[in-house]
Amino acid sequence: MNTIEETYDAIVVGAGHAGCEAALALARMGQETIIFTVSMDSVAMMPCNPNIGGSSKGHLVREIDALGGEMGKNIDKTYIQSKMLNRSKGPAVHSLRAQADKAEYTRNMRMTMENTEHLTLRQAEVTELIIEYVESRDEVDNVADSLYDKDENKGVISRNEQQTEKYNLDKKQIIRGVRTKSGADYYAKAVILCTGVYLNARCIYGDVVNHTGPNGLTAASYLSDSMVKNGIPIRRFKTGTPARIDRRSIDFSKMEEQKGDQIIVPFSFTNTEEDIRREQISCWLTYTNEKTHEIIRDNIDRSPLFSGAIEGTGPRYCPSIEDKVMKFADKDRHQVFVEPEGEFTNEMYIGGMSSSLPEDVQYAMYRSVPGLENAKIVRNAYAIEYDCISALLLKPTLEFIDVKGLYSAGQMNGSSGYEEAAAQGLMAGINAARKLQGKGEIVLDRSQGYIGVLIDDLVTKETHEPYRMMTSRAEYRLLLRQDNADLRLTDIGYEVGLIDEERYQAFCKKREVIKKEVARLNETIVGANKKVQSFLEEHGSAELKTAASLADLIKRPELSYELISVIDPEREQVTAEDEKLWHSLFAKDIVNQINIEIKYDGYIKRQRSQVEHFKKLEKRKIPADIDYNNVHNLRKEARQKLMDIRPENIGQASRISGVSPADISVLMIYLNC
């Protein structure tokens, strides 16, 4: 029988948020790439809440943008409401969140991909991995050498010593491509799996079970078998979504209106407030009550979550309403966010009330909520189960340890959320492209970004439930603010080729101005003269006893860089030297950075000192071919965990659950470090 055979540099399986970022990164880095999706309607689809960002997730989106990814640009084009969360707290936890027009978000991302050179979109179900089992070590070495040059590594990029390659080569497995349901073969040197929640998926509410992906789209029913056949173990997770209700059936007078911010902060560093300003649409807040909870408790035996019909493990930090009612029985109400799905639809998302209860119970519980008494359901709430892997099977580059050239990103790796998926997709795409180019890998560590924390947690720590990013997971969050993501990561985005020259030069100028101005403010001394004392009194600030630097004044809570301009003798000269930059809309960002760098100077210095200690452990490499059985005095549990995960350095080893500080000391003595 005649079959189709095509060859590409790279293949991406799945066109959700991970797949889109992976494919765009590969194509923009010059690799001929094909991306497969079970439905073209599912490209960058938002099957749950149509919003981007939020606490810690906003950090991820800005980091994606700083590296040259697309998510930030796309939400800036398609948002219908924007809010900065946690404004009353410090800048480390400020997080941008935007409600998206669900249809427009998908349409714009698809348009971007369709018009990207070197990228082909294909609607087809991938059913098999084509993996070659090489017979001899020499043959493996030859294949590896043909794929990339291990010695080429230039520029600012940090990477590991390629030690894990020896371990990987011993497995003698190399990805060659994929096969679709039609029998067509597509060959490539790199394959990235971004299957999201579609892999062997089934949607459930009450006794109704549909073997489909989200929104009734086709599930991917065969790829799991191929993975298991090739030695990749599968596990089962679940997530859920609430009902969508017809806007016309809602009484908003019984709810609290939630408006967007008046001053809009873009997600993308390429945009200004003026670029993206538009009229915003309100969201609404209401609450469950005792009647709601009583309905749920009376019908809890009909919930597939509690009856055992659902086998997968759900997310701890995004529980269903029945989970919340049963686990937090002391709470007399829970927040319910009523949010529009778009500008040109009447569907409203009922945030906080995801469920898998039967249809009749859903009607009863939703209609018990103030404002929803006459609610008409457009789409029922449901839970969705899907296959995924343990990310312990992956290297920090998101390449499988045991299969050369095969990568995995997104919910496939046991994470949850659009932003977590996009971040992994971007890094998998960058690393696959770098390998194909014969260049060194890109691994962000925990001091470089939330993306580094996310991936390190996934590949190092055992996650028994869908992983969600949170600010509390980042040890160095004062340094990893969303406002300075470009200062931390744009150099890397430029180095890999995802940031163009014009953007990079503008960034370098901004960075230079911030650095020079902070230094000048620390060096500029003002005396306790009449003008200064009068200024301080006017702003409710204590008078000076002796001379002080302008930076010392900015550190006072009631003062800022903007306010002290009247007593800054060189301010006019400084702004005149770079007049164009200081009078651009990007000047707001520069001023913000100056204020934060000076006001939090002591805390920032302390955290940078902690990072230096952290870096020392990260630099102490562990040979990939180490035999942990020869490391005497290691506890049995630690030896097993180290053998399973194969950490690349002492720092990573120290973060493995089950490996104690004493085990690390033993290992360091063995390695003479």
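At the start of helix α17, which backbone nitrogen does a side-chain oxygen of Asn-529 reach? It is the backbone nitrogen of Lys-531, and the oxygen comes to within 3.2 Å of that atom. Keep in mind as you explore that this is a predicted model.

What covers the buried residues? Just after α17 comes Gly-540, with a positive phi of about 65 degrees.

## A parallel sheet with five strands

Now look for the open sheet built from five strands in the order β7-β3-β2-β11-β22, with parallel pairing. Strands β7 (119-123) and β22 (406-408) are at the edges with a single partner strand each, so one side of each has no neighbour in the sheet. From one strand to the next, the twist averages 20 degrees.

Zoom in on β3 (residues 33-37), which is joined to β7 by five bridges.

## Inside the nonpolar core

The largest nonpolar core has 101 residues, and the ones touching the most other members are Leu-129, Ile-192 and Leu-193. Helix α13 gives the largest share of this core, with eleven residues.

Leaving aside residues up to four places away in sequence, its contacts include Ile-11, Val-12, Val-13, Ala-22 and Leu-26. Also among them are Tyr-407, Ala-409, Ala-428, Gly-429 and Ala-432.

## A mixed sheet with four strands

A second open sheet has four strands in the order β1-β10-β9-β8, and here the pairing is mixed. Its edge strands, β1 (5-7) and β8 (126-133), each pair on one side only. The twist averages 25 degrees from one strand to the next. Leu-129, which we met in the core, stands opposite Val-178 in β9.

Strands of a sheet pair through backbone hydrogen bonds, either parallel or antiparallel. The table gathers some strand pairs for you to compare on screen.

| Strand pair | Direction | Bridges |
|---|---|---|
| β3 and β7 | parallel | five bridges |
| β8 and β9 | antiparallel | seven bridges |
| β12 and β21 | antiparallel | three bridges |
| β12 and β13 | antiparallel | three bridges |

In a regular strand the side chains alternate between the two faces of the sheet. Strand β12 (residues 202-205) lets you see this: Arg-202 and Ile-204 point one way, Cys-203 and Tyr-205 point the other way, and all are buried. Cys-203 has Ile-384 as its bridge partner in β21, and Cys-203 also stands opposite Asn-210 in β13. Strands β12 and β13 form a hairpin with two residues between them. In that turn, Gly-206 has a positive phi of about 60 degrees.

Is Lys-404 buried or exposed? Buried means under 20% relative accessible area, and Lys-404 has a relative accessibility of 1%, so it counts as buried. Lys-404 lies in the loop between β21 (382-388) and β22. Lys-404 and Lys-172 are 232 residues apart in sequence, yet 8.3 Å apart in space from C-alpha to C-alpha.

Finish your visit at Asp-589, in helix α21 (residues 587-599). A polar contact of 2.3 Å joins the side chain of Asp-589 to that of Lys-510. Beyond residues up to four places away in sequence, Asp-589 touches Phe-269, Asp-483, Asp-486 and Lys-510.

How values were computed
Residues are numbered from 1 along each chain as its sequence is written. This is a predicted model: local features need pLDDT of at least 70, side-chain atom pairs count only at pLDDT 80 or more; totals for chains, interfaces and linings use all residues. Side-chain values use heavy atoms; hydrogens and water are left out. Two strands pair if DSSP finds at least two bridges between them. Axes are lines fitted to C-alpha atoms, for helices over the stretch in contact, and angles run from 0 to 180 degrees between N-to-C directions. A nonpolar core is a set of buried Ala, Val, Leu, Ile, Met, Phe, Trp, Tyr and Cys residues joined through side-chain atoms within 4.5 Å. Buried means under 20% relative accessible area, exposed over 50%, partly exposed in between (1.4 Å probe, protein chains only). Contact means heavy atoms within 4.5 Å. A polar contact is a pair of N or O atoms within 3.5 Å; within protein, one must be able to donate a hydrogen and the other to accept it, and residues adjacent in sequence count only if both atoms are side-chain atoms.
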